[in-house]
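Welcome, and please open your viewer. This tour goes stop by stop, telling you what to select and what to look for there.

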Amino acid sequence: MSFVLLTDSSADLSAEMVRELDIQVLPLTFTLNETNYCNYPDNRDMDPHLFYEKLRAGEVATTAAVNMAQYTEMLEPLLQAGKDVLVLAFSSGLSATFQSSRLAVEELLEKYPSRRLYTVDTLCASMGQGLLVYLAARKRQEGASIEEVRDWAEANKQSICHKFTVDDLHFLKRGGRISTTTAMVGSMLNIKPVLHVDKEGRLVSIAKARGRQASLKALVDQMEQTAIDPHSQTVFISHGDCLEDAQTVAQMVRERFGVRNIWINYIGPVIGAHSGPGTLALFYVGTER
């Protein structure tokens, strides 16, 4: 390839897709029981089903943003090998990861002034970030230059729609996304929030549904309102260890819009630590977030 595409593991891309797209992934880290793990696409440090089982059992996972040194360690060998690199980083509205990438890029460009090295704040998360990376990789395959792909990503990142629902409000409460009262009342009344990632790359509640099946249908209803030519799109779905629900949403998307290309993968531990088991997310290209 003419340049390297690099993202971080919050993009929740499978090892299969990483290989297919020929991209590189910087693993983020998470901690369980005072043990640190890396979130690799091939899940070599921890199986995602086991991770969610531990959350269900009451264990608490914490996460940390990638620091500047970790980015430098991954980027410098590529630059030394004469490669140009485009970084597509986790939303600055949810993590300091992009800021770390920016600082690393600034320092490395001083050391390697002949190289082309850029970083983009995707303002995306989970497989929304993954979808932007996927589409950028397709642009690269079509022969676009590193600057053309960078500019395309900047121009189109606000079109990546993230619609998701959670099954256990405890995790949103713990992360400060909803109040304790809202979590208690919502749990009692079986109310499931429908959320999205807004233009600033932050999690925002946009609707409520009564019951799990209604919340899954609400995701597809949201897609119907904003999706651009949905039948011709590649749609991504990520899940917090609830594959059957992901397959249900995929079937609804196929039946309603005629979509044929759907990728399903786990929500990795870095996102899942904050969203919890049973989270279900739908990603597509739309007129607006």
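Select R102: is its side chain buried, partly exposed or exposed? R102 is partly exposed, with a relative accessible area of 30%. Here buried means under 20% relative accessible area, exposed means over 50%, and partly exposed lies in between, using a 1.4 Å probe and protein chains only.

Before moving on, a word on the model. It is predicted, so local features need pLDDT of at least 70 and side-chain atom pairs count only at pLDDT 80 or more, while totals for chains, interfaces and linings use all residues. Residues are numbered from 1 along each chain as its sequence is written, and side-chain values use heavy atoms, with hydrogens and water left out.

**Stop 1: charged pairs**

A salt bridge is a side-chain nitrogen of Lys or Arg within 4 Å of a carboxyl oxygen of Asp or Glu. Side chains of opposite charge can pair when their charged atoms come close. R102 and E106 both lie in helix α4 (residues 97-111), four residues apart, about one turn of the helix. Helices are DSSP runs of H or I with at least four residues, strands are runs of E with at least two, and both are numbered from the N terminus. E106 is partly exposed, at 40% relative accessible area.

Next, select R44 and D42. Another salt bridge joins these side chains, at 3.0 Å from N to O. R44 counts as exposed, at 55% relative accessibility, whereas D42 counts as partly exposed at 40%.

Now try E154 and K157, whose side chains meet in a salt bridge of 2.7 Å, N to O. E154 is partly exposed, with a relative accessible area of 37%, but K157 is buried, at 9%.

Then select D84, R115, R116 and E147 together. What links them? The answer is a network of salt bridges. How many salt bridges does a search of the whole structure find? It finds 19.

**Stop 2: helices α9 and α10**

Two packed helices are described by the angle between their axes and the distance between the axes. Show α9 (residues 212-226) and α10 (residues 243-257): they pack at an angle of about 40°, with their axes 10 Å apart. That makes α9 oblique to α10. For these angles, under 35 degrees is roughly parallel, over 145 roughly antiparallel, 65 to 115 roughly perpendicular, and the rest oblique. The axes are lines fitted to C-alpha atoms, for helices over the stretch in contact, and angles run from 0 to 180 degrees between N-to-C directions.

The crossing of α9 and α10 is right-handed. A crossing is right-handed if the near helix is turned clockwise from the far one by less than a right angle, and left-handed if anticlockwise.

To see the contact (heavy atoms within 4.5 Å), select residues on both sides. The α9 side includes L216, V220 and M223, and the α10 side includes V249, M252 and V253. The contact residues divide into seven nonpolar, two polar and six charged. Nonpolar covers Ala, Val, Leu, Ile, Met, Phe, Trp, Tyr, Cys and Pro; charged covers Asp, Glu, Lys and Arg; the others, Gly among them, are polar.

Zoom in on V220, which is buried at a relative accessible area of 0%. Not counting residues up to four places away in sequence, V220 touches V249, M252, V253, R256, F257 and L282. The C-alpha atoms of V220 and M252 are separated by 7.2 Å, although the two residues are 32 apart along the chain.

**Stop 3: helices α5 and α6**

Show α5 (residues 126-141) and α6 (residues 146-156). Their axes come within 10 Å and cross at roughly 145°, and the crossing is right-handed. L132, L135, A136, K139 and R140 in α5 meet V149, W152 and A153 in α6. The residues of this contact divide into six nonpolar, no polar and two charged.

**Stop 4**

Select D229, in the loop between α9 and β11 (234-239). Its phi is near 40°, a positive value in a residue other than glycine. D229 counts as partly exposed, at 47% relative accessibility.

Move to D241, in the loop between β11 and α10. Phi of D241 is near 65°, also positive in a residue other than glycine. D241 is buried, with a relative accessible area of 14%.

Finish at P269 in helix α11 (residues 269-275). P269 counts as buried at 4% relative accessibility. Leaving aside neighbours within four places in sequence, P269 is in contact with F30, N39, F51 and T63.
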